[in-house]
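Here is my note on the structure shown below, written as numbered points. Please read each one with the model open beside you.

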Amino acid sequence: MSGKHREISVAEFFEKNKHILGYSNPAKAIITVVKEAVDNALDACEEAGILPDIFVRISKVDDHFKIVVEDNGPGIPREQIPKVFGKLLYGSRFHEIRQSRGQQGIGISAAVLYAQLTTGKPATVISKTPDEDRAKKVVLYINTKKNEPEIVEEGEEEWYLPSGTKIELEVAGNYVRERKQSVYEYLRETSVINPHAKITFVEPDGTINEFKRVTDDIPQPPKSIKPHPHGIELGTLMSMLKSTRATTLRRFLKEEFVRVGEKIADDVLRKAGFSGDETPQEMGRDDAAKLLNAFRQTDFLPPPTDCLSPIGEAMIAKSLMAEFQPEFVYAVTRKPKVYSGHPFLVEVGLAYGGEIKSEKVTLLRYANKIPLLYQQGGCALTKAVESVNWKSYGMVQNRGELPSAPAVILIHLASTNIPYTSESKESVAAIPEIIDETRLALQEVGRRLKEYLERKSRQQKKKKKEEMIGKVLPLIAKKVCEILEKEPLEIDRIVARIMGYLHVERIVEERDGVKVVTIRVSNFTRSKKSIKLYEMCSGNVEADGAKVSGSGYSTVTWSLEVKPDEEVEVSYRLKGRIINKNPLVEGVEEDLLSGAEVMNFA
Amino acid sequence: MKEIERRCLRALIGIVQNIYDQMKAGQVPELHIATRTKYNIEFNEESEVWVYGDRKSVRSAKTVKGAYRILKMTYVIGFLKEQLNLNKSSTLRELYYISEGWGAAKFEEQPESDRLVEDLEILTNFQREHFHIRPEEDGATVIGPLRVREETRRGVREIHCQDDVGEGGYQIPVNVDKIEFVDHDAKFVIAIETGGMRDRLVENGFDEKYDAIIVHLKGQPARSTRRLLRRLNTELNLPVVVFTDGDPWSYRIFASVAYGSIKSAHLSEYLATPAAQFVGIRPTDIVKYDLPADKLTEEDIKALNAILTDPRFDSEFWKKEVNLQLEINKKSEQQALAKYGLDYVTDVYLPERLSELGVI
């Protein structure tokens, strides 16, 4: 900065940018404070390969709120604590290109600053790394003139876990619940997208909410990649030039970017009018602009996409199942794609029915595993849902609106650079590639839903028909016999014929103390059935074409093949009694069988 | 039990026996019954009326709907068996209410039970009267130079349909075959759709002046009314003309008198009067007499188009008239003739039309 410019204080910076930082109103401020602390905890656990166990408590203190967030993460070394919590724009990942929750190193220190500005109270941080015996406690303010931490108290404390971090802040704000934009909803949605995390949340009134861990699999931490020439902005390029260790422009290009080799570097340098021997640290804004222009005129391979970390289809399905207890769930993870040099991928999950009773679809939007609670209407992910014709997938929908159905739709956009519509990072911009991918994923889950609903309705119809026929036919038989004054009619066979069953009848005739048993198998299904038929008998059995085994009790087994509309009869002679109530059959599903039972070996 | 009733009961039981036999053989019971749509009626050259063709619909217990139909039919037959054995009778409406106690076999609405009785008529070739089922519809009224003899519960009565009746006329009994025509001075029979027009003709003394028997159709005519018209035509050799409003619904009234109705084509030979002629109101009359008219509704247009594909109306006359009506997009009531005064219909319109038709 030149001397003429007055250096602005961080307090002023905060005041001017509080809408960007998430503190535009008292209700949102509390959510933002919790969000910054929880995001940090999740990121830290993910990097350290620890299953996160996060505790959040909000309590009322005087006329403001005390927020405590505690995790079992790797902990922060004592010397780093002041900078992480007490200095804005401090962060280890400022120049890294990767999919991560926070990105600017401003989140948690902005929360500390907000607390300090609204209540005048310092932040208390207690953290223990596995190497330390006791946890270190630091109480600090941010010096708003110098943007430097000011420690007011420090000490040591016992910690009951190998490592972890706890932060306590006192903030002015407005605690709300029972709506989309609330701490509760934020934590719930966070739990859905982080099924490996356990989150416990104590509300000001003492209510304890537990969001359970659904899996013990820790997601792979996203890999960082070097920037892609098509994904870089002028400001970033300028600071990269300043801070690179490369001594020449040619080496800078080859070392600091992906997809730039010797040939491509030559190509870029020629287009930009540079020799390649320039010193990067000495290049100014105009030079950077020339370079950027040359990037745009050059074709590069798309960036590698293995740096993205999806939740995964199975995990999304499992998580939705655990949180919402639907009757149907399906998830799709699309292959990574690229927009303007940035890799991205889209995941969509759909949970339907069951315990979900809402009339309109609930939409859960996530960007790099962070729930987006605000600006749903203006978000490209919402637009993508609205633009799909859900009617053709069996949901009610007014044109261009979210469908009306007891369902939850989850959309996760993962990218090294989420294209937000504004600095407040609440909604995704309408990038055609992202909308296309989202629509394709939505359509796929839609098709699966349709298949499910059709299968369900077919089954219901069949069941209803079975009930009706099962009720009406006996009534007809009864009435007919009553009018004709005849003995009751046997109708199981007719029901089997109507319903398309494999029907088994056992006819027993007794002659001179010998039972002659005939079993008739009628195949009213549409396919050939290869079955095994069993009878259990005590006494003396004679059966042609059957296997008779066992002593004392005999098992008679026939192997039969019955074509559709065919009838097969077998018979045996028995001096003794039949043990099983109905013949036993193996090789036919229970719901296609009548007059017999499915053989159960258990 | 009379012999005809015995035969009728045998036929009804036969339906049940057929269902029993199918079920006994392990078959899904089904019934075949003539399809009752306009696509399955054909002209019988001999009797000159429209009867059902060879198309059959299958009612099978394979479907839930078909199973219920068969169930309800067995219950109705069971009821009729008992009724015939006890020599009792009931009305169509009573039958509908009786089904209240039948559980799953209960009828949803009266048209359903009415239709089932018609099914039984078709299946057995008997009429509902033989089942001891009566309609509650009161038959139409008759006024004109005709003397009838009716068997009533209080003995045999002889009635002259002009001298012995008030302005309301003689009420036709439900079973028209119980009356006998003694003598008459009539030259023709005129059947009229609306009560207002029938009263106008009576008040103007049309029956006396033209020796006409005036029969009130009361909208879509009951079976008894149609049976009477047929008997007047075939037994007394009197020409029958039909006078209705000028709209598609009224043409259907004429068709059911002259050609037989689609719903009861199995009885056409008993109910239809093929020699009946249509007086009007014709669409031609709306134009010719410049009658006050209403625009056709969408339903009217649909009904007119349906008439164009109805085999009973497959004649030059109806094609010309229906197409004209669609073209002028108008319909008129009988009473529109009052535009030219209350006597116009009896003094001008009817004499003109009837002489065109060769009736007077």
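How many salt bridges does the count come to over all chains? The points below begin with the answer.

1. Over all chains the count comes to 63 salt bridges, where a salt bridge is a side-chain nitrogen of Lys or Arg within 4 Å of a carboxyl oxygen of Asp or Glu. Please keep in mind that this is a predicted model, in which local features need pLDDT of at least 70 and side-chain atom pairs count only at pLDDT 80 or more, while totals for chains, interfaces and linings use all residues. Residues are numbered from 1 along each chain as its sequence is written, chains are lettered from A and ligands numbered from 1 in the order in which they are written, and side-chain values use heavy atoms, with hydrogens and water left out.

2. One of these pairs is Arg78(A) with Glu154(A), whose side chains meet at 2.5 Å, N to O. Because Arg78(A) lies in the loop between strand E2 (64-71) and helix H3 (81-86) and Glu154(A) in strand E5 (residues 148-157) of chain A, the pair ties together parts that are 76 residues apart in sequence; helices (H or I, at least four residues) and strands (E, at least two) are DSSP runs, numbered from the N terminus.

3. In chain B, Lys187(B) forms a salt bridge with Asp211(B), with the closest N and O atoms 2.9 Å apart. Lys187(B) sits in the loop between strands E11 (179-184) and E12 (188-192), and Asp211(B) in the loop between helix H6 (206-210) and strand E13 (212-216), so this pair links parts that are 24 residues apart in sequence.

4. Asp245(B) deserves a careful look, since what does a buried acidic side chain do without a salt bridge? Asp245(B) is buried (under 20% relative accessible area, where exposed is over 50% and partly exposed in between, with a 1.4 Å probe and protein chains only), and Lys331(B), the nearest side chain of opposite charge, is 8.8 Å away. The side chain of Asp245(B) instead reaches the backbone nitrogen of Gln334(B) at 2.7 Å.

5. For chain A as a whole, there are 13 helices and 23 strands, and 50% of the 602 residues count as buried. Strand E20 (residues 567-578) is joined by eight bridges to strand E16 (residues 514-523), and the two run antiparallel; Val517(A) has Tyr572(A) as its bridge partner in E20(A). Strand E17 (residues 529-543) also runs antiparallel to E20(A), through seven bridges.

Methods: Lys and Arg count as positive and Asp and Glu as negative; His and the chain ends are not counted. A polar contact is a pair of N or O atoms within 3.5 Å; within protein, one must be able to donate a hydrogen and the other to accept it, and residues adjacent in sequence count only if both atoms are side-chain atoms. Two strands pair if DSSP finds at least two bridges between them.
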